[in-house]
Every structure is written in structure tokens, then in C-alpha cells.
Amino acid sequence: RADAARTAAKKGLSVQDAFAGLLIFDLFSMATVKHAFPAAPFSDIAAFTESLPFATYSGKHDAAASFFDKEAADLVFVQEARYLKDNPETLRSFLEPFSGSDAFTSVLVRKNKFADATNISAEVCAALTEALALRFPEAPAELAAGWATTIRRMAVARLTYGRKTVCAASLHCNKSGNVADLLEVLKDVLS
């Protein structure tokens, strides 16, 4: 219930109005499905959904793996990466995805392209959390919560290519403000 109240408040609604809106949306959706699939609405819509290439994780991930191979990408920053580690097409060409604490965001590294590839997400996220708290001790709670969400969804890989070492960071920035401050502190943490 607390999550419902917080989510409704973000949209300027009471919990009751938010649930009423969801109920109306669900009723309209069900009426549409019954109109389109009158014989067996639930099983027919499930079969239709499965036939759409981007309606399932496996469909999205197979299409993405094909695109990455076609483009000959050696390094890919991925959003909506959950379950990507279970996709055989992706794992055929890439190392297991590097993610932070939330697999929503990942870095994909092509196999046999880098002398070393290490997931440093946990270390970077911990250092970034500490650095932000030190640099912005008076940050409003809402801003700090937004930064925490962004940090949770960050994936960072350290890659060695020849004698060069590079850090690749994939971020899914929360809608909170001050993303520039977060990126500035991230740059300092990675230096």
C-alpha cells in the first residue's frame, strides 16, 4: 500500500483515483480483447502476444543479438537487459553481460576482443555512492533517492586492449535532476 500511495502521489492522484483509473483501463482493455478475439479471448491474446517478436524477452534478445552481430559490435551498452544472460544467441558471441545490482542495465563485451574484461560495477557503485554523499551532504532526499536508483542500474566494465585500459559505463539515468552532478562525480571516481 505504501508503494501505491507514493506512486499515485507522483502523478498527483489519490490511491483511490489511481486504482479507479487502472480498473477503467483494464475494463477497456478487456472489452477490446473480447471484441478482437471473441471465441477465446485469453488464450487467443496469449497466442497473439507470443507471435510478436518484441513481446517476449527471448524475441527481443534474439533480435538484438542478430543486430549486434550484423553491426560487428565489440562493446554494447544495453537497457532492458534482464534475462539477457539466459539468451544462447547473445552468449554465442559475447561474454556474460556485466551488470550492477540491477540487471536492467548491462555492458556486453564480445568474446576474444579484449585481453581482460572485468565487471567492476559493485566497486564503482559503492565508491560513487560514498563520493556523492561526501560532495552533496545536503542533497534533498528525493534527489538522493534518484541517484541511488541510477547507481543501482549502472554497469561498469574495465577492459584491456593492448596496453590501454578503458572503463565502459552504461547508465540508466533516473528522471531526477542533477544528472550532470552524478556524471561529474562518476568521472572523478573512475579517474
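Tutor: What follows is a set of questions and answers about a predicted model.

Student: Why is Thr 129 called partly exposed?

Tutor: Thr 129 has a relative accessible area of 43%. Buried would require under 20% and exposed over 50%, so Thr 129 falls in between and is partly exposed. Thr 129 is found in helix 6.

Student: What makes Asn 112 exposed?

Tutor: Its relative accessible area is 79%. The cut-off for exposed is over 50%, so Asn 112 counts as exposed. You will find Asn 112 in the loop between strand 3 and strand 4. The phi of Asn 112 is near 60°, a positive value in a residue other than glycine.

Student: Which label does Tyr 83 get, with a relative accessible area of 49%?

Tutor: Exposed needs over 50%, so at 49% Tyr 83 is partly exposed. Tyr 83 sits in the loop between strand 1 and helix 5 (88–93). Tyr 83 also has a positive phi, about 70°, although it is not a glycine.

Student: What about the 12 residues of helix 8?

Tutor: At 1.5 Å a residue they should span 16 Å. The end C-alpha atoms of helix 8 are 16 Å apart, so the two values agree.

Student: Why can we speak of a buried side of helix 6?

Tutor: The buried residues of helix 6 are Ser 121, Val 124, Cys 125, Leu 128 and Leu 132. They cover an arc of only 95° around the axis, which puts them on the same side of helix 6. The face turned away from that buried side carries the exposed residues Ala 122, Glu 130 and Leu 134.

Student: What do the buried residues of helix 6 pack against?

Tutor: They pack against strand 2 (98–99), strand 4, helix 7 (141–152), strand 5 and helix 8 (179–190).

Student: Why do the buried residues of helix 8 lie on the same side?

Tutor: In helix 8, Leu 182, Val 185 and Leu 186 are buried. They cover an arc of only 105° around the axis, and therefore they lie on the same side of helix 8. Ala 180 and Lys 187 are exposed on the face turned away from the buried side. The buried residues of helix 8 pack against helix 6 and helix 7.

Student: What makes a group of residues a nonpolar core?

Tutor: The residues must be buried, of nonpolar type, and joined through side-chain atoms within 4.5 Å. The largest such core here has 13 residues. Those with the most contacts inside it are Val 124, Leu 128, Leu 132, Ile 151, Met 154 and Leu 182. Helix 6, helix 7 and helix 8 each give two or more residues to this core, and helix 6 gives the most, with four.

Student: Which residues does Leu 128 touch?

Tutor: Leaving aside residues up to four places away in sequence, Leu 128 touches Ile 151, Met 154, Leu 182, Val 185, Leu 186 and Val 189. Apart from this core lies another, of eight residues, among them Phe 68, Val 76, Phe 94 and Leu 108.

Student: Why are strand 1 and strand 2 called edge strands?

Tutor: Three strands form an open sheet in the order 1-3-2, with antiparallel pairing. Strand 1 (75–79) and strand 2 each have a single partner strand, so one side of each is left without a neighbour in the sheet.

Student: How do you know that strand 2 and strand 3 pair?

Tutor: Pairing asks for at least two bridges, and two bridges join strand 2 to strand 3 (residues 105–109), which run antiparallel. Phe 98 stands opposite Val 107 in strand 3.

Student: How many bridges do strand 5 and strand 6 have?

Tutor: Strand 5 (residues 155–161) and strand 6 pair in the antiparallel sense over seven bridges. With at least two needed, they count as a pair. Ala 157 has Ala 168 in strand 6 as its bridge partner. These strands belong to an open sheet of three strands in the order 4-5-6. Its edge strands are strand 4 (116–119) and strand 6 (164–170), each pairing on one side only.

Definitions and conventions:
Residues are numbered from 1 along each chain as its sequence is written. This is a predicted model: local features need pLDDT of at least 70, side-chain atom pairs count only at pLDDT 80 or more; totals for chains, interfaces and linings use all residues. Side-chain values use heavy atoms; hydrogens and water are left out. Buried means under 20% relative accessible area, exposed over 50%, partly exposed in between (1.4 Å probe, protein chains only). The arc is that of the directions from the helix axis to the C-beta atoms. Contact means heavy atoms within 4.5 Å. The expected span of a helix is 1.5 Å times one less than its number of residues.
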